[in-house]
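Hi,

Here is the structure I said I'd pass along. Have a look, and my notes on what turned up in it follow below.

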Amino acid sequence: FETGKIYGLLGRNGAGKTTLFNCINEDIKTDGGAFWIEEEGERRPIAAEDIGYVLSTPVVPEFLTAREFLQFFLEINRGKIPYPKAPDVYLDYMCIDPADRGKLLKDFSHGMKNKMQMLVNIMADPAVLLLDEPLTSFDVVVADEMKALLRRIKTRHIILLSTHIMDLALDLCDDIVILHHGVLQEVRREDLADEAYKDRIIAALKEEPDVV
């Protein structure tokens, strides 16, 4: 996976997309294999600061307001965030309504919490952004805003976006990879012009999950 691209990780529910992300993030120990960052031809292990992970179910401190959350995040990451700005500058960037910035996060909708979770991960400016079904909680307008945002920032990141929605992957992603029966396989866009091939991919995404 290369910097400057958004990769769509396609797979049916239960295919292991979240498990793969958890392995990259070292939340789950792998049975084998390795992940690494390669810079100027040199490989090194992935460090915690290399990864930004936006979970499908957002986790935010619900006892803080949006401004307080960002101020706290800035303080605990002092010296790590490049070119830090005032909380309201970041909230403007994420199109959070000024009237909502003083509200407790517990009163935010699922989609608003997801925006805040995505914002702090973007603020940290990691090399790799793992986005687990990030747009499913947004309405159409906000989803379009988030897609435009990801297109703007992709030049500085490797972005892996998991989804089970083919049309979303085709609309947003530069390259598409399908996770099927534990194997990652590239899906070439030119092959998707073949309707029969596209139908086979969609059929694979609709298969029943494996039973263990």
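Keep in mind that this is a predicted model. The largest nonpolar core has 47 residues, and the ones touching the most other members are L70, M116, M123, M146, L150 and L172. Helix 4 (residues 110–123) is the top contributor to this core, with seven residues. As for M146, setting aside its neighbours within four places in sequence, its contacts are M94, K115, M118, L135 and F138. There is also a second, separate core of 14 residues, with I46, I51, Y53 and L160 among them.

Now the charged pairs. The whole structure has 16 salt bridges. In one of them, D88 pairs with R101, with 2.8 Å between the closest N and O atoms. That pair links distant parts of the chain: D88 sits in helix 3 (residues 87–93) and R101 in the loop between helix 3 and helix 4, 13 residues apart. R101 is buried because its relative accessible area, 5%, is under 20%, whereas D88 is partly exposed at 28%.

K103 and D100 also form a salt bridge, at 2.9 Å from N to O. Here K103 is partly exposed, at 39% relative accessibility, while D100 is buried at 17%.

Then there's D171 with R151, where the closest N and O atoms are 3.7 Å apart.

Cheers

Terms used: Residues numbered from 1 in each chain as written. Predicted model: local features only at pLDDT ≥ 70, side-chain atom pairs only at ≥ 80, totals over all residues. Heavy atoms only, no water. Core = buried A, V, L, I, M, F, W, Y, C linked by side-chain atoms within 4.5 Å. Buried < 20%, exposed > 50% of the residue type's maximum accessible area, 1.4 Å probe, protein only. Helix = DSSP H or I, 4+ residues; strand = E, 2+ residues; numbered from the N terminus. Contact = heavy atoms within 4.5 Å. Salt bridge = Lys/Arg side-chain N within 4 Å of Asp/Glu carboxyl O.
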